[in-house]
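Okay, thanks for having me, everyone. Let me put the structure up, and then we'll walk through a few spots together.

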Amino acid sequence: MTRKWSLFTKMVTFLALLLLAIAGLYGYTVATSIDTMQRELETSRMNQLKFLADRLENDIDQLTLNAYNLLQDQSVRDYAILPAIEHLVDRNRLIMTITEKLKLQSTASAWTNTLTLYFPETGDMLSSDPNRALKPEYDFNQLVPDRWTFDLMTSEFILYVPDREQAGDVSVILSFPSENIRKLLASYEGQSRPYMYHPSGRFIFDYNTDSVTAIRMAGHIGKRKIDGTLSMVTEANGMSYLLSAMPTVLDDWMLIEYTPLERILQPIRKSTKLFAGATAVLLFLGVLFAFELYRNVQLPIRKLVSGLARFKEGDYGVRIGFVPAREFRLLTEGFNDMAKQVGDLIDKVLTEQLRAKEAEFKQLQSQINPHFLYNCLFFIKSKARVGDTESVEAMALSLGEYYRYMTRTDKDMVPLRSELDLIRNYVSILNLRKPRIDYVADIDEELMDLDIPRLLLQPLVENAVQHGIEPKTGRGTLRITGRRHTDGFVLAVEDDGVGMTDETLSRLRGELKGPKSEEGGYGVWNVKQRFVRKFGPGAVVEIDSKPGEGTTVTLRCDFRSQEGSPHDDSASGR
């Protein structure tokens, strides 16, 4: 008894350690994935932010260049020394010429801007906007030459460019409204909304920015100035954000962008939580299963072994008492009945039952290909990483429908349409991974509700794909046809793949006629056995193939051949 429980403990411990190892490996993988994704996201955000800053710099440089070019314009230089040459030029014509040039320079940029010339010696002022006058209270002494100043009253950026190097005295005042920057920010196509920030507490947002969160993000930067770039993970509103910032060509103004990490990492975190929950459930179910296995299998088996030992010693009056499991209760009742007969009959019945269970297990095992499932899961992972949600959804839906049908054991017979749905999902999964199979189903409508053994056509389709179409270069066609006749029906699975040689075809036909060999596969042989068992001696499986042209497997049923022929095991084993 102690030794048995020790084995039980070892099984539970092994199962727990296995689950813990899987959980640890998965946790390490998730942590590595999150770290890598965060670094890639940081690089991507900074590159996009730099692109936006470069656009801002290019637009402002164009405006600045216009301002400095005006200082070199001869008409402007002439007006600066107008008192000395007024007898040589027409004052009004010169003013018109300069005004036209100001308008031309101002409209040459895509940004709304105003160019103004101020001549301190004469007190004159010329502007590209005739309706705009320089405010009388404007103090030039507070302007820093060649630096951008932000006017809170008008929400404008102003650049004061004095020129005292040449004869005459003239200054250029370039201004543009912050609306230009707002439009530039609105044109940003990233997942988050960038904005402008000044350490003094000024902001420029686009039309869709969450100003409350943006102000909180800027609070993490404070009044410090950034010489290069800044990237940091911070908290706000109970969420984690990736904060990126860099200086701009506008003095002391920074370009800031924040990206909620939860939204980016949510799929990974969700899968982690699901995996943790699933691991805990599996651990609990594993312990429960081990206990139930001991209670309902190991103990009844011990009773059976004890009874068989006594029966072997010649005690034919031995009887086995009550056992909790229904299956073993039926078995023990049968044992009690068979104890009245000879021991050889008992051994034969038990042996046949074990073989039947083994055949059923191998049949189910042969239909579920773990490599197929792994490839589909890797496909989903790859598409999810690049954001191809349509492919992920299509694969998940087809894969779910496929395995839900494959693992159903409550019905041995299903309508033909259900089997065709399975095949359609199977081909869809293959085409999602590598689109190269053209699938055609040409079935008479009156055959769609025909009951056939479950997974009758699926092994034939898999053989057609794996051995026919996949080795073929280029696309392949898989065709399933079904015709209803007066005396029966015909189903055919056809491919235009590489086909089989005469030697291979002869060997396969020979295997179908005899008992199952250990060297061959279970697919076509099991299809034939189940087809004949269902439809009797009128059921025939035929295989035709030619190298380079493809293979056709035909399931033919003639109901006339069943009349007067008993449907027994001997018929199904032909």
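So, to start: where is the place of D146? D146 sits in the loop between strand 2 (124-127) and strand 3 (148-151). Strands here are DSSP E runs of at least two residues, helices are H or I runs of at least four, and both are numbered from the N terminus.

Quick housekeeping before I go on. This is a predicted model, where local features need pLDDT of at least 70, side-chain atom pairs count only at pLDDT 80 or more, and totals for chains, interfaces and linings use all residues. Residues are numbered from 1 along each chain as its sequence is written, and side-chain values use heavy atoms, with hydrogens and water left out.

Back to D146. Its phi is near 60°, a positive value in a residue other than glycine. D146 is partly exposed, at 43% relative accessible area. For those labels, buried is under 20% relative accessible area, exposed is over 50%, and partly exposed is in between, with a 1.4 Å probe and protein chains only.

D252 also has a positive phi without being glycine, in this case near 70°. You'll find D252 in the loop between strand 9 (239-247) and strand 10 (254-260), and with a relative accessible area of 29% it is partly exposed.

Then there's D163, in strand 4 (residues 156-163). Buried or exposed, this D163? Buried, at 6% relative accessibility. The C-alpha atoms of D163 and Q72 are 9.8 Å apart, and those two residues are 91 apart along the chain.

Zooming out for a moment. The chain has 574 residues, 39% of them buried, with 16 helices and 17 strands. Take the contacts, meaning heavy atoms within 4.5 Å: among those between residues at least 6 apart in sequence, 63% join residues at least 24 apart. Accessible surface comes to about 32600 Å², 55% of it from carbon and sulfur atoms; that's Shrake-Rupley with a 1.4 Å probe, and for residues only the protein chains shown count as cover.

Now, helix packing. You describe two packed helices by the angle between their axes and the distance between the axes. The axes are lines fitted to C-alpha atoms over the stretch in contact, and angles run from 0 to 180 degrees between N-to-C directions.

Helix 11 (residues 389-406) packs on helix 12 (residues 416-433) at about 140°, with the axes 9 Å apart. That makes the pair oblique: under 35 degrees would be roughly parallel, over 145 roughly antiparallel, 65 to 115 roughly perpendicular, and oblique is the rest. On the helix 11 side you have, among them, S398, E401 and Y402, meeting residues of helix 12 that include N425 and Y426.

Let's stay on N425, which lies in helix 12. N425 is buried, at 14% relative accessible area. Skipping its neighbours within four places in sequence, N425 is in contact with S398, E401 and Y402.

Last pair: helix 13 (residues 458-469) and helix 15 (residues 523-535), at about 155° and again with axes 9 Å apart. Those two are therefore roughly antiparallel. P459, L460 and N463 of helix 13 make the contact with G523, V524 and V527 of helix 15.

That's my tour, so over to you for questions.
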